[in-house]
Amino acid sequence: RHTARCYNNSKPEKWHFKSYCLNCSITGSQMNFFMYVGKDEKRPEGQTATEYPVLRLLDHDKFKHYNLVIATDNWYTSIYLALKLLEWDIYLFGTCRTNKVGVPKDKTFSKTGRNKKERGEIGYSKTRVLVKGLLKFIYFISWMDNKPVHLISTFMSKASAVSRVVKQGKEYIGKALISIPTIVMMYN
């Protein structure tokens, strides 16, 4: 009966409480958290529902100006979030949705059609931004694996190689090395 309970039909337990957590990727320890309290939660003007949890978790002096690196999934990653975190000297990388504001549509890879890329192709786009009088960059990275993967990052990525299984039709014929951005390996 609690007003903060969430419903998700795709989960085994349909009703649940939601918590937002900031964890250290090395130790696994929880550094900050807060509970979702429902749709009536007050967020600052101009912040979307996807940016608010990340900014609230990191809006503390112990996280700002220490050159931290934050990884987010495609629900949270956006250009606005990357710019806001750069103001706090926090670097961001994560997968992103291609329908987010500011994502360069001409640099995205399609799943099907005549513009579909070959497995292992990488596309980079670099945008210069001025943050607190300093020149910074936001990178948009596209990579084709079995499906296209799109990422936003505030630090540069290089190309590497990864071994993938190759199949012809439904039959596996061996392994091959394909190109992969290093940021994808960090994200995974």
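1. In this note, a residue is called buried when its relative accessible area is under 20%, exposed when that area is over 50%, and partly exposed in between, with a 1.4 Å probe and protein chains only. At 7% relative accessibility, Thr72 therefore counts as buried. The structure is a predicted model, in which local features need pLDDT of at least 70 and side-chain atom pairs count only at pLDDT 80 or more, while totals for chains, interfaces and linings use all residues. Residues are numbered from 1 along each chain as its sequence is written, and side-chain values use heavy atoms, with hydrogens and water left out.

2. On the overall fold, the protein has three helices and eleven strands, where helices (H or I, at least four residues) and strands (E, at least two) are DSSP runs numbered from the N terminus. Read from the N terminus on, the elements run β-β-β-β-α-β-α-β-β-β-β-β-β-α. The C-alpha trace spans about 55 × 50 × 35 Å along its principal axes, and of the 188 residues in the protein, 36% are buried. If a contact is taken as heavy atoms within 4.5 Å, residues 24 or more positions apart account for 45% of the contacts with a separation of 6 or more.

3. Not counting residues up to four places away in sequence, Thr72 touches Val54, Thr77, Leu92, Phe93, Gly94, Thr95 and Tyr187. With neighbours within four places likewise left aside, Thr77 is in contact with Thr72, Leu92, Gly94, Thr95, Cys96, Lys100 and Ile152.

4. The largest pocket holds about 540 Å³ of space. On a 1 Å grid over the protein atoms alone, a pocket is an open set of points where a 1.4 Å probe fits, with protein on both sides within 12 Å along at least five of seven lines, and lining residues have an atom within 4 Å of a point; grid points are joined across faces, edges and corners, and the volume is the space filled by probe spheres set on the points. Its lining comprises 21 residues, of which Leu22, Asn23, Val69, Ile70 and Ala71 lie nearest the centre. Strand S3 (19-23), helix H1 (52-58) and strand S5 (69-72) are the elements that give two or more residues to this lining. By class, the lining divides into 17 nonpolar, three polar and one charged residue, with Ala, Val, Leu, Ile, Met, Phe, Trp, Tyr, Cys and Pro counted as nonpolar, Asp, Glu, Lys and Arg as charged, and the others, Gly among them, as polar.

5. For aromatic pairs, the ring centres of Phe, Tyr and Trp (its six-membered ring) must lie within 6.5 Å, and planes under 30 degrees apart count as stacked, over 60 as edge-to-face and the rest as tilted. By this rule the count comes to six pairs. Tyr7 and Trp15 form a tilted pair, at 4.9 Å centre to centre and 50° between the planes; Tyr7 is partly exposed at 48% relative accessibility, as is Trp15 at 46%. Phe93 and Phe155 form an edge-to-face pair, at 5.5 Å and 75°, which links distant parts of the chain, with Phe93 in strand S6 (residues 91-95) and Phe155 in the loop between strand S9 (148-153) and strand S10 (159-168), 62 residues apart. Phe93 is buried at 4%, and Phe155 is buried at 18%. Tyr20, Phe34 and Tyr52 form one aromatic cluster.

6. Finally, the loop between S6 and strand S7 (122-131) contains Val103, and Gly113 is placed in the loop between S6 and S7 too. Val103 is buried, with a relative accessible area of 5%, whereas Gly113 counts as exposed at 58%. Beyond four places in sequence, Val103 touches Cys96, Arg97, Thr98, Thr108, Phe140 and Ile152.
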